[in-house]
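Thanks for coming, everyone. Please look at the chain on the screen, and I will walk you through it.

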Amino acid sequence: MTLLDDTIAAIRPPDPGARAAARERLDRMTKPRGSLGRVEDLAADLCGIAGACPPPLPEPAAVGVFAGDHGVHAQGVTPWPQEVTAQMVANFLAGGAVVNAFARQLGVEVRVVDVGVAAPLDAVAGLIQRRVVAGTADMTEGPALTRDQARRAVEVGITTARELVAAGSRCLVTGDMGIANTTAAAALICAFTGAEPAEATGRGTGIDDATLAAKTDVVRRALARNRPDPADPLGVLAAVGGCEHAALAGFVLGAASLRVPVLLAGVNAGAAALASAAFAPDAVGCCVAGHRSAEPGHRIALARLGLEPLLDLGMRLGEGTGALLALPVVLAAARALHDVTTFDAAGVVDKTGSRA
């Protein structure tokens, strides 16, 4: 048994009893029934994940930012040079990126993991070096990764999730960095959902119409060249994925196996979550969609996963930023179950005229 096999075997669906207990308590709390809207759904989801009502407070939280480069960059899918991936990793480690600012505001730890950056990186404090390969191969010419490389990248994510939870994290947040990774994300979404490349391919870092057309054709050619089978998630990740997508899939699987909620960011996390669901359908039960990315493929991924995002702010930065903005909603949902008293305990008469 591999680490991946062991992790999949440990994943169970959300606890229906804990969800029912949450619904019952929410109905008895000092507020009109259902008045918190989707926050009540989220509170029940957190109980189902943990198997307890009230659930553990989802704090402290930690962001896992998985970084990798992509051989498909050579196809001109973005005007940004590939060197930016390594430069942004350095920026994360220096605390100067948007994800750092948002995390600092919330008191959240940022962990940066090199899974497949092409350029050599110095061993500096805060960098987790688990490089599987120095950038993927060009997926228009063949598989981006070997199956073994894809499995190792998934297991990087599992290991990172386990380590963060063992260190005390009670909520994991997905983050990513990799120039050209939205091209791979679009290909993954098409492979797992059957969507057409024109539907799933977006502007990423803000490309013009001509580059978008070329990018869409790259996704189409990569799928035609590799013909990934959605029933074989490891094969799909190897064919058209990136190291960060594979690691994010493992991050979700690791969280699910430990019954810890994982807050999904944008299109790269959505693509990775589709892979996680293909490995273990019950893994989706631990996922909370933090926001809806402006990338069209993200809507397709969320619809297939059956997840409704908490926020929709038109963001498409990546790094985990959109998910971090949703974290206070997740914290509040759990806190309400801990702190809000019931009608009977408070001596408040409910609308039926009783205190129970």
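I will go through the cores, then some helices, then a few backbone details.

First, the ground rules. This is a predicted model, where local features need pLDDT of at least 70, side-chain atom pairs count only at pLDDT 80 or more, and totals for chains, interfaces and linings use all residues. Residues are numbered from 1 along each chain as its sequence is written, and side-chain values use heavy atoms, with hydrogens and water left out.

Let's start with the cores. A nonpolar core here is a set of buried Ala, Val, Leu, Ile, Met, Phe, Trp, Tyr and Cys residues joined through side-chain atoms within 4.5 Å. Buried means under 20% relative accessible area, exposed over 50%, and partly exposed in between, with a 1.4 Å probe and protein chains only. The largest nonpolar core has 76 residues. Val-115, Leu-172 and Leu-237 have the most contacts inside it. Helix H11, residues 243-257, gives the most to this core: ten residues. Helices (H or I, at least four residues) and strands (E, at least two) are DSSP runs, numbered from the N terminus. Another core lies apart from that one, with 41 residues, including Ala-18 and Cys-47. As background, nonpolar side chains tend to be buried together in soluble globular proteins.

Now, which residues does Leu-237 touch? Contact means heavy atoms within 4.5 Å. Leaving aside neighbours within four places in sequence, the partners of Leu-237 include Leu-145, Leu-188, His-245 and Phe-279. Leu-237 is one of the buried residues of H10.

Next, a helix pair. Helix H2 (residues 16-28) and helix H3 (residues 38-50) pack at about 145 degrees, with axes 7 Å apart. Axes are lines fitted to C-alpha atoms, for helices over the stretch in contact, and angles run from 0 to 180 degrees between N-to-C directions. On the H2 side, the contact includes Ala-18, Arg-19 and Leu-26. On the H3 side, Glu-40, Asp-41 and Cys-47 are among them. The contact residues divide into six nonpolar, one polar and five charged. Here Ala, Val, Leu, Ile, Met, Phe, Trp, Tyr, Cys and Pro count as nonpolar, Asp, Glu, Lys and Arg as charged, and the others, Gly among them, as polar.

Two single residues now. Gln-149 is in helix H6, residues 147-166. Is Gln-149 buried or exposed? Gln-149 counts as buried because its relative accessibility is 18%. Its side chain reaches the backbone nitrogen of Thr-146 at 2.9 Å. Ile-300 sits in helix H13, residues 296-305. At 22% relative accessibility, Ile-300 counts as partly exposed.

Last, the backbone. Most residues other than glycine have a negative phi, and most peptide bonds are trans. The bond from Cys-53 to Pro-54 is cis, with omega near 0 degrees. A cis bond also joins Glu-59 and Pro-60. Pro-54 is in the loop between H3 and strand E1 (61-68), and Pro-60 lies in the loop between H3 and E1. Ala-180 has a positive phi, near 85 degrees, and is buried at 8%. Arg-259 has a positive phi of about 60 degrees; Arg-259 is partly exposed at 29%.

Technical notes: A polar contact is a pair of N or O atoms within 3.5 Å; within protein, one must be able to donate a hydrogen and the other to accept it, and residues adjacent in sequence count only if both atoms are side-chain atoms.
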